[in-house]
Amino acid sequence: MNTRTPPRFAAPSAPGGDGFWTELDPAQRTALEAAARPRNYAPRAPLCYQGEDSDHIIVIRSGWAKVTSTTPDGHEVVLAVRGPGDLVCESAVLGSRHRSATVTALTAVRGLVVPAGRFTAFLDAHPGVWRLVSGTFVRRLDDADRRVRANVSAQGARRLAMLLAHLAELSAAYAPPAADGSVDIGPPLSQEELGSWMDASRETVARALAVLRRAGLVRTGRRRITVVAPGALRAFAHDPAE
């Protein structure tokens with residue numbers, strides 16, 4: 001059997017997604033909170049819109065959001081999910097351009113909203129945080145590259161298994177696995193949203209989920225997926241014979 005491992009969907013670099021909030025020291029967190037105002041977002045509420053002028057960044061303190069881009073023909077493409085500790089709506093602020101994506105709450109989200117001027121002043125006062133922000137950009141570019149290569153290298157159930165393995169690792173960073181080792185996927189994504197993320201139709205996702213259920217790798221409900229055995233799911237995803 002060919003044991004070459006294909007590209008994976010990127011796993012989080014540290015607990016807390018891309019680790020922005022968790023990597024701040026207590027003094028930096030206090031300073032950022034002083035510059036911010038707390039805000040709660042209901043499920044399906046936008047945190048920022050593609051194409052709008054930049055005037056704030058948000059640090060997610062709890063909850064899940066999806067990052068999407070709309071194509072010229074109106075098709076919404078899921079690019080990523082963000083969770084507790086993640087920095088969102090930041091690239092346009094730092095790049096002085098219109099926002100390139102929309103961020104929408106998947107669950108109730110509690111965030112810290114920081115006006116653009118206050119955020120850049122915070123960065124100037126804490127130069128070391130620039131490195132964290134730069135690292136976030138680099139990781140997200142790497143994630144996008146791995147996503148493209150993963151979509152090319154695998155089809156159907158294997159491609160979905162790669163994505164679910166990534167989401168299981170991400171979810172386990174925020175909530176420990178169950179006693180039996182299973183992991184509930186945190187972001188409540190629909191089959192259509194999963195298909196958009198992995199460049200496949202909803203029907204393809206439904207068929208792939210059926211394959212993974214029959215293999216005993218996942219359990220499913222409405223907008224709920226439990227990865228029964230994360231290690232076995234990763235092995236399935238990386239087996240070219242599947």
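In the predicted model, C89 is buried, with a relative accessibility of 7%. C48 is likewise buried, at 3% relative accessibility. Both values fall under the 20% cut-off for burial.

These two cysteines form a disulfide. Their sulfur atoms lie 2.3 Å apart, so the pair meets the 2.5 Å criterion. The count for the model comes to one disulfide. The link between C48 and C89 is left-handed, with -90° about the S-S bond. It joins distant parts of the chain, the two residues being 41 positions apart. C48 belongs to strand β2, which spans residues 46-48. C89 sits in the loop between β6 (87-88) and α3 (91-95).

A further buried position is V59, in strand β3. This strand covers residues 56-62. The relative accessibility of V59 is 0%, and V59 therefore counts as buried.

The contacts of V59 were examined beyond residues up to four places away in sequence.

How values were computed. Residues numbered from 1 in each chain as written. Predicted model: local features only at pLDDT ≥ 70, side-chain atom pairs only at ≥ 80, totals over all residues. Heavy atoms only, no water. Helix = DSSP H or I, 4+ residues; strand = E, 2+ residues; numbered from the N terminus. Buried < 20%, exposed > 50% of the residue type's maximum accessible area, 1.4 Å probe, protein only. Contact = heavy atoms within 4.5 Å.
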